[in-house]
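Let's take a look at the aromatic side chains in this one. Here is the model to follow along with.

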Amino acid sequence: MPATNTMPTATTETATLTVGNKTLQLPVIKGTEDEKAIDISKLRGETSYITLDHGYMNTGSCLSSVAFIDGERGILRYRGIPIEQLAEKSTFTETAYLLIYGKLPARDELDQFNHVLTRHSMIHEDMKRFLDGFPSTAHPMSILSAMVCSMSSYYPESLEPHRKDLIGLTISRLLAKMPTIAAFSHKKSVGQPFTYPDNKLSYAANFLHMMFAVPPEDYHVDEDVARALDLLLILHADHEQNCSTSTVRLVGSSQANLFASIAAGICALWGPLHGGANQEVMNMLEMIHEDSDNVDKYVGMAKDKKSNFRLMGFGHRVYKNFDPRAKILKQACDTVLQKLGVHDPLLEIAQKLEEHALRDSYFIEHKLYPNVDFYSGIIYKAIGIPTNMFTVMFAMGRLPGWLAQWKEMSESPNTKIGRPRQIYVGPALHDYVPMEKRG
Ligand code: CMC
């Protein structure tokens, strides 16, 4: 395996910047895949200027060796390995190990990792009582974020996030307990008793068991369903510096504990422009279905700036060609539905929508392609996951990435507390006005 890079390569190239009466030669660095960055770390110190970059469209926040994306060529790699190979050959826990520890595990390392993940799969019995306090209508993302944050109170040693002897344990606890919390939050919403983890099962199969088993009936996990879920988890496992991962890093940079950092990432993921899009895609497909499958109307609305409507599951900040995860999922969608004998009219609508959009000049010019959220919901639905759990599924999948990125951040000598600057545009200095004199 190629060595893991932790440092960028210096280049002889520089960028010349003249501001005020100063001219700076700013170093240019490059990464493994020759992507280049102008290093502006000395800019403010030497000129008093800062840069302004809404939405961080042009800003690199860190050096990372976890994942690589080439948005122009539709490439995603975890630790150098193409996503297509991992999707075909790996398992979720092996991929998690790869992301977190930087290499594919040897057989005994993977066995040990899987063993630890099953050992920690139960949650503290008292935590079940938290669930009683939530209304049955609570969104499972609110339960998940609250429960993950509260784990720090059960493992107080985690409040010292840099104790090297504990990082591995906290990581394992999070990976092991996340499916349990997720499944319990679902059970709460449907009013069924909790099903405890079964350590004989694989990660994905165990989650399905906790989701769907009920005391009066036998429940056997369908291997095809477990494999489909495992694939979905692998495809979501990391995506470099997206909104939730950047949140995890930012919160972690203040040396908040790992549970708190992950809970913050879960909250960031919830938004409909990020992980919440998978739930929105399903709502959109259902809306189109109820509206006589009128795909043209919705493509038209998405192009109309006055309508405020976007095609959910389309577009990406980084991918400007295609999202390789969506390609894999589109194929998996066909296979899984066929294997399960499910006919879902929403799949046909999704396929039609994709065809229409990809022929349309608006989508071509704006480089808008289906993203990972476009087809994932149809598979989740086919395997029985309710729509309000879709973003929770994304969170379960993304957890290894958050952990890997947090670990990298906490181990990096370059890490400083994340603290962007601003340009103040509020009122200029003026005096406090006593109440009786205010107009
Ligand atoms: N439907 C219609 N128009 C769109 C869409 C869309 N889904 N996405 C972007 N556009 C247009 C947008 O109106 C703008 O047009 P113009 O330049 O004419 O004003 C242009 O494309 C650029 O959009 P943007 O919002 O400035 O681009 P961004 O990089 O800030 O946003 C995005 C990326 C993913 C938030 C956005 O494409 C979007 O809102 N997509 C729908 C939500 C979605 O599917 N999110 C999941 C993202 S992938 C999984 C994840 O990372 O969570």
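There are 15 aromatic pairs in the structure, where a pair means rings of Phe, Tyr or Trp (its six-membered ring) with centres within 6.5 Å; planes under 30 degrees apart are stacked, over 60 edge-to-face, and the rest tilted. Keep in mind that this is a predicted model: local features need pLDDT of at least 70, side-chain atom pairs count only at pLDDT 80 or more, and totals for chains, interfaces and linings use all residues. Residues are numbered from 1 along each chain as its sequence is written, and side-chain values use heavy atoms, leaving out hydrogens and water.

Here are two of the pairs:

| Pair | Centre distance | Plane angle | Type |
|---|---|---|---|
| F184 and Y196 | 6.2 Å | 85° | edge-to-face |
| F314 and F374 | 5.1 Å | 80° | edge-to-face |

F184 belongs to helix α7 (residues 164–190), while Y196 is in the loop between α7 and α8 (203–212), 12 residues apart. Helices here are DSSP runs of H or I, at least four residues, numbered from the N terminus. F184 is buried at 1% relative accessibility, but Y196 is partly exposed at 35%. Buried means under 20% relative accessible area, exposed over 50%, and partly exposed in between (1.4 Å probe, protein chains only).

Now for the other pair. F314 lies in the loop between α13 (295–303) and α14 (324–340), and F374 in helix α17 (residues 372–382), 60 residues apart. F314 is buried at 11%, and F374 is buried too, at 0%. Ring pairs also join F314 and F374 with Y362, F363 and Y375 in a cluster.

Key
Helices (H or I, at least four residues) and strands (E, at least two) are DSSP runs, numbered from the N terminus.
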